[in-house]
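Hi,

Here is the structure for your review. My notes follow below it.

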Amino acid sequence: MDKFTTLTGVAAPLRMINIDTDRIIPKQFLKTIKRTGLGEFLFNDLRYNPDGSEVDEFVLNRPPYRHAQIVIAGRNFGCGSSREHAPWALLDFGITCIIAPSFADIFYNNCFKNGLLPISLSEEQVHKLLDAADAGSNENFTIDLNAQRVTDPNGEIFEFKIDPFRKHCLFNGLDDIGLTLGKAAIIEAFEQKRSVQNPWLKLGP
Amino acid sequence: MNAPRTLFDKIWDDHVVHDQNDGTCLIYIDRHLVHEVTSPQAFEGLRLSGREVHRPEETLAVADHNVPTSNRAAGIIEETSRVQVETLERNVTEFGVPYLPLDDLRQGIVHIIGPELGFTLPGATIVCGDSHTSTHGACGALAFGIGTSEVEHVLATQTLIQKRPQNMRITVDGECRPGVTAKDIILSIIAQIGTAGATGHVIEYAGSAITSLSMEGRMTVCNMSIEAGARAGLIAPDAVTFEYLEGRQMVPKGGAWEQALANWRTLPSDEGAVYDREVSLSASELVPHVTWGTSPQDALPVTSEVPDPAGEVDVERRASIERSLAYMDLAPGTPLVKVPIDRVFIGSCTNGRIEDLREVAAVALGRRVAQGVGAMIVPGSGLVKEEAEEEGLDKIFIEAGFEWREPGCSMCLAMNADRLEPGERCASTSNRNFEGRQGRGGRTHLMSPAMAAAAAVTGHITDVRALL
Ligand code: SF4
């Protein structure tokens, strides 16, 4: 997984609440067996007309935001399905940070597994950032994970909270599975205990 | 004495492998369900890092999202769908994971087959790369959806790194009136607390209206917990649960069954256990519900009218209602029972079980699907299909003009060939009415199986109570 340390880039304002995962990446693109190549279909039904042409007004089709690395959106971002294709599509497009007042649980989790940073701030702070992002060319939004700060183009600073474990893994680009496999002995001891206490839970040898 | 604990607390405490002291715990996973859409990249990850599946016996794979629901013998025509199913088949062979192939009678939607085969057990932890894993909570199992990276983590280690969720209890007391079902209970809960109402929480459903539900009804309720943002839904195991499970294929037998029962009886929440949040509602006032918008929280009693965004004070919410109404092509103030429908979809992991089909048959018997309406019934599994046919339900459906299909997810999310055309309006027993969910431009109204059957025979949204 790529490390996330600091990021300076354009932020696209997406003024919608409850942006669900079907909207981030519709189901016809879930038929892939790869993690890559989904950026082209990110927000497909919002971004393209049925004939395949671009929807001019959609934010990611407008000049400064075509290269956005940050999305700022309304509350409950990523609700709906567990599809990790949603963070994969965002990443493949080039987005590595999402700022919203709140996120759905599974989506929030999935972001961290892929080096994508979800930041939640208050409704009021997000509205300020949305206004700042509206101001056309805005490539100086800066995210500093270590300091837990967002700096907007006006120089205003917004501090955010994040779990220490998630921060540690994201900052160092750590692979969870490798970490857990390091606890193989603890897992085995648990399995021993389970086969004594709750033997019916065990299937197979 | 120990502090009183909730059902969730007990299952969680029983599965903590390691408290990492940083806000997360390593949790043991007893059962892992795998389907073709969210697993290919996980198996690929294992392959690339030279890892194996830690406990293949406690994993069960099945293809459901992409499978055709008619003419199975012809195979999967669409190439990308076929490749995904073939990839699953290759992966389960390579990694030694038990698999139910398309021609196995037990094939079906993951969340239908888990409880049906007794793979799902009370007190167990169950995960699947699918948000509706919450369904299995109806058996008193802690069951939740995970992403593909976590699927890989479970395959490799049989554990997950999780933050402990909070406890929430939703108490539904009273008796449902005729025509009011589990689906109406859960739709009205989501309408009340909203699609993010339970984010970060595990919901325990309690109260007389919940305990008097069948296992099928309980699964319908738990299934849609995720639509309220919950991490999982849970219902305390009781005599109904035990009776449902006893004798199923993968359930412990003989002495092991007795031992399991003794343990399961200790699972219900202790008297005085504290919940971080409590919500309650009365079932006796409940009316059949339908959705009018593009979020499951947009549900109203069928006796109401399409809402007017002008009445909404929250600016963002108002914009979202306006957008929904434009997408749904509905005018504020229209009585819901005046809304005509083109298609009917009965099935999915929410309402694709035998009891759901019986409810449909009760409405369909002696009636005909209205002129111009296409109505399809997709059983949740091969076993559901077999049972329905043994009861002769298929004949009632076919006689009434419904299509009777092969099991799978089908038009719940339209990854296979079953989908809405742009502008088509559908009465659906599934769980999501998001824009484009059942096909680009398609318009979904969520409702119970009985309500969907009523819409099928009248050609518009109908209060099923008039037909009972
Ligand atoms: S029936 Fe629908 S909600 Fe259930 S698993 Fe299949 S696609 Fe998901």
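Predicted model: local features only at pLDDT ≥ 70, side-chain atom pairs only at ≥ 80, totals over all residues.

What covers the buried residues of α2(B)? The cover includes α3 of chain A, together with β3 (31-34), α3 (79-95) and α5 (148-157) of chain B. Helices (H or I, at least four residues) and strands (E, at least two) are DSSP runs, numbered from the N terminus. In α2 of chain B (residues 40-48), the buried residues include B:Phe43 and B:Leu46. Buried means under 20% relative accessible area (1.4 Å probe, protein chains only).

Residues are numbered from 1 along each chain as its sequence is written, chains are lettered from A and ligands numbered from 1 in the order written, and side-chain values use heavy atoms, without hydrogens and water.

Now the interface. Contact (heavy atoms within 4.5 Å) takes in 63 residues from chain A and 80 residues from chain B. The area buried between them is about 5,800 Å², with 54% from carbon and sulfur atoms. That area is the accessible area (1.4 Å probe) lost on putting the two parts together, summed over both. A:Lys31, A:Trp200 and A:Leu203 supply 14% of what chain A buries against chain B, more than any other three residues.

There are 11 salt bridges between chain A and chain B. The cut-off is a side-chain nitrogen of Lys or Arg within 4 Å of a carboxyl oxygen of Asp or Glu. One of them joins B:Arg440 to A:Asp45, with the closest N and O atoms 3.5 Å apart.

Best wishes

Notes:
Buried < 20%, exposed > 50% of the residue type's maximum accessible area, 1.4 Å probe, protein only.
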